[in-house]
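Please consult the sequence and the model alongside the text.

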Amino acid sequence: MKHTGQPPLPDWIQSAYQTLEKAYTSGTAELSKTEAHEFLLAESEHIEAHADAVFAVDRLLDRGWLYEVNGQLRKTE
């Protein structure tokens, strides 16, 4: 991700992004927020609660690591 002058995201949120990348490499370019939350809960070793998954996705959106189009999340290239 490009340097934005903001402090880096915590390691566990960066790890969540790497986990989500696995979902995107499985043949889909988009995920709903619900799908992203469920994927993180199932696959991330750092996320155990739904609130943590929501927080991670929200931070990734806020920082531009993900973006939303018509209710679907996409990776920033």
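This is a predicted model: local features need pLDDT of at least 70, side-chain atom pairs count only at pLDDT 80 or more; totals for chains, interfaces and linings use all residues.

Of the 77 residues in the protein chain, 31% count as buried. The mean pLDDT of the protein chain is 90, and 95% of its residues reach 70 or more.

The secondary structure consists of three helices and three strands. Read from the N terminus, these elements follow the order α-β-α-α-β-β. The radius of gyration of the protein chain is 12 Å, close to the 11 Å that the globule rule gives for 77 residues, so the chain is as compact as a globular protein of that length. Along its principal axes, the C-alpha trace spans about 30 × 25 × 20 Å. The protein chain exposes about 4,800 Å², of which carbon and sulfur atoms supply 47%. Among contacts between residues at least 6 apart in sequence, 56% join residues at least 24 apart.

Helix 2 may be considered next. Its buried residues are A36, H37 and L40. These residues cover an arc of only 100° around the axis, which puts them on the same side of helix 2. On the other side of this helix, E38 and A42 are exposed. The packing partners of the buried residues of helix 2 are helix 1, strand 1 (31-32), helix 3 and strand 3.

When its neighbours within four places in sequence are left aside, H37 is in contact with H50, A53, V54 and V57. The C-alpha atoms of H37 and S26, which lie eleven residues apart along the chain, are separated by 16 Å.

The account now turns to helix 3, which comprises residues 50-62. At 1.5 Å a residue, its 13 residues should span 18 Å, and the distance of 18 Å between its end C-alpha atoms agrees with that expectation. Which residues of helix 3 are buried? They are A53, A56, V57 and L60. Their arc around the axis is only 95°, which means that they lie on the same side of helix 3. A51 and D62, on the other side of the helix, are exposed.

The buried residues of helix 3 pack against helix 1 (11-24) and helix 2 (33-43), as well as against strand 2 (66-69) and strand 3 (72-75). After helix 3 comes G64, whose phi is positive, near 85°.

Terms used:
Residues are numbered from 1 along each chain as its sequence is written. Side-chain values use heavy atoms; hydrogens and water are left out. Helices (H or I, at least four residues) and strands (E, at least two) are DSSP runs, numbered from the N terminus. The expected span of a helix is 1.5 Å times one less than its number of residues. Buried means under 20% relative accessible area, exposed over 50%, partly exposed in between (1.4 Å probe, protein chains only). The arc is that of the directions from the helix axis to the C-beta atoms. Contact means heavy atoms within 4.5 Å. pLDDT is the predictor's confidence in each residue, from 0 to 100. The radius of gyration is taken over C-alpha atoms; the globule rule is 2.2 Å times the number of residues to the power 0.38. Accessible areas come from the Shrake-Rupley method with a 1.4 Å probe; for residues, only the protein chains shown count as cover.
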